[in-house]
Amino acid sequence: MRSGRIQSSASCSASSSSTFPHPPCLTSASRHCKFPRLLSPRALSLSQRVSRHCLVPETTQFSFPKQSTTISSKKHLFHAGVGSLVTSNTQAISTGPLIGEEKIGVLLLNLGGPETLDDVQPFLFNLFADPDIIRLPRLFRFLQRPLAKFISVLRAPKSKEGYASIGGGSPLRRITDAQAEDLRKSLWEKNVPAKVYVGMRYWHPFTEEAIEQIKKDGISKLVVLPLYPQFSISTSGSSLRLLESIFRDDEYLVNMQHTVIPSWYQREGYIKSMANLIERELQKFDRPEKVVIFFSAHGVPLAYVEEAGDPYKAEMEECVDLIMEELEKRKITNAYTLAYQSRVGPVEWLKPYTDETIIDLGRKGVKNLLAVPISFVSEHIETLEEIDVEYKELALESGIQNWGRVPALGCEPMFISDLADAVIESLPYVGAMAVSNLEARQSLVPLGSVEELLATYDSQRRELPPPVTVWEWGWTKSAETWNGRAAMLAVLVLLLLEVTTGEGFLHQWGILPLFR
Ligand SMILES: C=CC1=C(C)c2cc3[nH]c(cc4nc(cc5[nH]c(cc1n2)c(C)c5CCC(=O)O)C(CCC(=O)O)=C4C)c(C)c3C=C
Ligand SMILES: [Fe+2]
């Protein structure tokens with residue numbers, strides 16, 4: 001941990017990354033991974049965590065493409081190539097001409113957001129129907145959709161309030177479309193005539209719609225780029241799992257070569273762009289050197305990291321370290337801290353929590369705070385409402401006098417240009433296909449790459465605690481959790497009875513007919 005880092009007393013056991021379970025395939029994968037040789041000794045331990053993503057099958061010779069360069073600095077070596085990369089090919093990596101007759105596509109994966117208040121409940125339904133958000137035990141899987149309906153109806157009023165306060169809907173589609181267009185332009189400027197598609201997980205344009213267009217356009221080589229800098233089961237993992245199921249069932253797609261860039265938080269362009277934004281915002285304070293830089297990342301339930309092996313926390317911590325190193329090179333050595341926001345439900349999420357940390361910093365006498373949203377590259381409800389309104393208010397109440405917030409990256413030219421470089425550097429890894437469709441389907445090639453990626457952190461697909469409150473009571477944390485689970489079970493039984501008998505409180509209140 002770097003010297004300037006403020007440790008909130010709100011932090012917990014989750015702050016140590018050494019407890020992460022290492023998926024079994026790591027050892028073999030990391031042997032092929034170039035990172036340990038490229039990074040400085042300090043970064044090496046971090047890269048060992050990252051190397052879990054260097055999922056190159058054992059049979060594949062792995063070398064970075066010629067155009068990728070290594071930029072060295074006194075303290076750190078950046079690899080300008082694709083940070084962590086999964087190839088679609090277990091047999092060979094094409095090194096020949098990449099463009100020629102090939103039609104190249106880039107698929108940007110993102111979360112999606114409701115565009116109007118009427119979209120909020122169905123959007124929430126899609127989110128909670130995702131087994132990577134609520135993973136029920138196998139026996140109860142059939143209840144996933146009724147449960148999603150139930151929770152989405154319960155949560156919709158609160159969410160609607162939030163979306164109403166930011167203008168009546170999420171800006172995510174508009175911003176992601178603009179990023180896609182700028183990325184396309186940047187690729188063309190770099191002589192890579194690619195088409196760029198947007199596939200959202202929970203709202204329009206859905207991933208399925210993007211895939212239909214990719215097929216119509218006859219794309220033959222596809223680079224899959226989730227727009228999340230750090231990997232999480234709940235975000236990129238979920239999108240890749242969906243993609244995998246779409247690929248598996250489709251004759252065209254099973255033959256399409258593809259590559260996935262699962263995370264890219266360590267790329268030089270991204271780190272420098274973040275540092276630029278922070279440096280710019282710091283200048284707005286009267287005494288910039290007195291400001292505490294407050295990185296706030298979207299949280300995930302602790303069990304995702306500790307039980308399922310989600311690399312999210314490790315990647316987040318490394319990302320923050322890299323940004324601070326970049327700032328240090330610019331002689332900016334402010335104190336900083338990292339906390340996790342936006343938790344929902346009764347289970348424990350990654351700590352320290354943003355709200356508790358703000359209160360704690362206020363108590364410690366911090367007067368100047370600069371919030372940096374770190375897990376997402378667009379403005380969205382959690383920056384515009386949660387940070388700008390709720391956390392700002394909390395900070396001022398807690399004794400912080402001067403508050404600032406770094407904008408999300410959006411279409412920052414250096415950032416977009418770096419994403420374009422990531423795509424270009426990944427192209428040599430878009431591999432040749434399996435010999436036959438049958439083989440492709442059986443050995444999951446090209447799906448194997450996605451499958452393997454998913455397997456590294458989530459091989460057992462264990463039950464994950466429902467992160468969302470259905471019901472809550474009790475005094476202790478653990479009691480709350482178990483009460484929540486018991487209540488959920490009771491609600492499920494009631495729901496089941498109601499659906500089968502057509503009678504019950506939901507019908508009486510006129511809620512259930514809405515479900516039909
Ligand atoms: C890296 C970013 C994100 C992670 C990790 C993540 C995990 C996660 N989220 C929920 C529940 C909700 N998320 C909601 C909105 C939302 N989530 C992210 C990003 C991450 N989520 C974004 C960018 C957005 C906003 C999209 C927009 O419309 O602007 C919502 C809906 C809003 C609300 O009601 O608060 C929920 C619910 C869980 C449970 C989870 C991990 C398991
Ligand atoms: Fe979320």
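How do the residues of the shell around ligand 1 divide into nonpolar, polar and charged? In this predicted model, the shell has 18 nonpolar residues, 9 polar ones and 2 charged ones. Altogether 29 residues surround ligand 1, and the closest are Arg155, Ser159, Tyr163, Ser170 and His298.

Let's look at some of these neighbours one at a time. The side chain of Tyr163 has an N or O atom 2.5 Å from an oxygen atom of ligand 1. Arg155 places a polar side-chain atom 2.9 Å from an oxygen atom of the ligand, and a polar side-chain atom of Ser170 also lies 2.9 Å from a ligand oxygen. Ligand 1 taken alone would expose 800 Å², of which the protein buries 97%.

Where does this shell come from? At least two of its residues are supplied by each of helix 4 (120–128), helix 5 (144–165), helix 8 (233–248) and helix 14 (381–397). Helix 4 gives the largest share, with 4 residues.

Now let's turn to a pair of helices. Two packed helices are described by the angle between their axes and by the distance between those axes. Helix 10 (residues 268–282) and helix 12 (residues 312–329) pack at about 65°, and their axes are 9 Å apart. The crossing of helix 10 past helix 12 is right-handed. On helix 10 the contact is made by Tyr270, Ile271, Lys272, Met274, Ala275 and Ile278, and on helix 12 by Cys319, Leu322, Ile323, Glu326 and Leu327. Sorted by class, this contact has 9 nonpolar residues, 2 charged ones and no polar ones.

Methods
Residues are numbered from 1 along each chain as its sequence is written. Chains are lettered from A and ligands numbered from 1 in the order in which they are written. This is a predicted model: local features need pLDDT of at least 70, side-chain atom pairs count only at pLDDT 80 or more; totals for chains, interfaces and linings use all residues. Side-chain values use heavy atoms; hydrogens and water are left out. A residue is near a molecule or strand if one of its heavy atoms lies within 4 Å of it. A polar contact is a pair of N or O atoms within 3.5 Å; within protein, one must be able to donate a hydrogen and the other to accept it, and residues adjacent in sequence count only if both atoms are side-chain atoms. Accessible areas come from the Shrake-Rupley method with a 1.4 Å probe; for residues, only the protein chains shown count as cover. Ala, Val, Leu, Ile, Met, Phe, Trp, Tyr, Cys and Pro count as nonpolar, Asp, Glu, Lys and Arg as charged, and the others, Gly among them, as polar. Axes are lines fitted to C-alpha atoms, for helices over the stretch in contact, and angles run from 0 to 180 degrees between N-to-C directions. A crossing is left-handed if the near helix is turned anticlockwise from the far one by less than a right angle, and right-handed if clockwise. Contact means heavy atoms within 4.5 Å.
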